[in-house]
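I opened the notebook to look at how the ligand is held. My entries follow the order in which I looked things up.

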Amino acid sequence: MRKHVLILFLLISLPLFSGGMKEEPFIGVAIYDFSDSFIAEVRDSIAAESEGGIPVRIVDAARRQQTQNGQIEAFIEDGASAIIVNSVDRTASGVIIEKCMQSNVPLVFFNREPVKDDMSKWDKVYYVGANAADSGRMAADILADYWFQHPEADRNGDGVLQFVLIKGETGHQDTELRTEYFIETLLSRGIRLDKLHEDTGEWNRSKGYDVMKSFIAHSEDEIEAVFANNDDMALGAIEALQESGFFSGGRFMPVVGIDGTGSGMKALQNGTLLGTVYNDAVNQGKAAYHLAAELAEGRIPTDEAIGYEITDGRYVWIPYRPLPGDAEQ
Ligand code: GAL
Ligand code: CA
């Protein structure tokens, strides 16, 4: 009797376990940190784009790679048709790719670029991002234009630009390339440079504030410009500068960021942020979603199907755009 019950149970449940009873298809979206302003905008764009299409399930790793690995395993177990990943640690991409390859679940990474070796492990792996070097060049051009138009920006009159750097997460391609090309571009425009301080603000506004506070404590009178690797840290820096009397009574400090987030744009309009570079969250989200949706349908994505150009068979590059403000005072 008991044996029969067991067999009956197995017969009924078998289709469930073997996928015989089809679950709703979905695309899993694994995000490194929901509290990151720019990433939240990409996430919202993915969600908006999915309306009427294959639905998405979006999860937050809160900056823990282990959490994210578990979330990706759960997506695979739940039968995800494709997975979009904004990895916590981009050097962990290889492990994620291998896991998805074993279960034949295609992958689209965005914003945190896996190294080439990992990308070439499997052909169903794509990347959506922006060319970080370009954003560094554009940020530098905004500052250089200001410098040449405003002789008083050379506060100590030595003909050298004394500046400070608030960098993003260490090891992130955007941190390294934005910084490198920012400096290279200023030099190529004939500006002599003296970097007073640099530190990481981890892309985070309150860390950007702390870092700027300590720069001010060391060199308030020497600093002539601030470059933050993103808007959130630039906004933190502006707050710290305001507490030292900048942006009122004719005291100005050129601060340049990158992203053009909602709050970045406000600072641009109220004249505290000298300029920023638009990092196109909307189109990065759309491209990632449409790549994943094509892959989820078992098709090889084409430019026509996703509406974006695919380079080298697996990369979609969304261009940056300079956004100089009218903070010229
Ligand atoms: C950058 C962006 C930063 C931060 C980072 C996260 O592209 O400018 O604000 O969101 O990505 O990986
Ligand atoms: Ca100077």
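Which helices each supply at least two residues of the shell around ligand 1? I found helix 2 (37-50) and helix 7 (173-188); helices are DSSP runs of H or I with at least four residues.

I noted the basis: this is a predicted model, with local features needing pLDDT of at least 70, side-chain atom pairs pLDDT 80 or more, and totals for chains, interfaces and linings using all residues. Residues are numbered from 1 along each chain as written, chains are lettered from A and ligands numbered from 1 in written order, and side-chain values use heavy atoms, without hydrogens and water.

I looked up the shell next. Of the 13 residues around ligand 1, Asn111, Arg112, Asp174, Asn230 and Asp259 come nearest (a residue is near if one of its heavy atoms lies within 4 Å). By class I read 4 nonpolar, 4 polar and 5 charged residues.

I then checked polar contacts (pairs of N or O atoms within 3.5 Å). A side-chain N or O atom of Asp36 is 2.8 Å from an oxygen atom of ligand 1. For Asp174, I read 2.6 Å from a polar side-chain atom to a ligand 1 oxygen. The Asp259 side chain also has an N or O atom 2.6 Å from an oxygen of ligand 1. The protein covers 99% of the 310 Å² of accessible area that ligand 1 has on its own (Shrake-Rupley, 1.4 Å probe).

Terms used:
Polar contact = N/O pair within 3.5 Å; in protein donor to acceptor, adjacent residues only side chain to side chain. Nonpolar A, V, L, I, M, F, W, Y, C, P; charged D, E, K, R; others polar.
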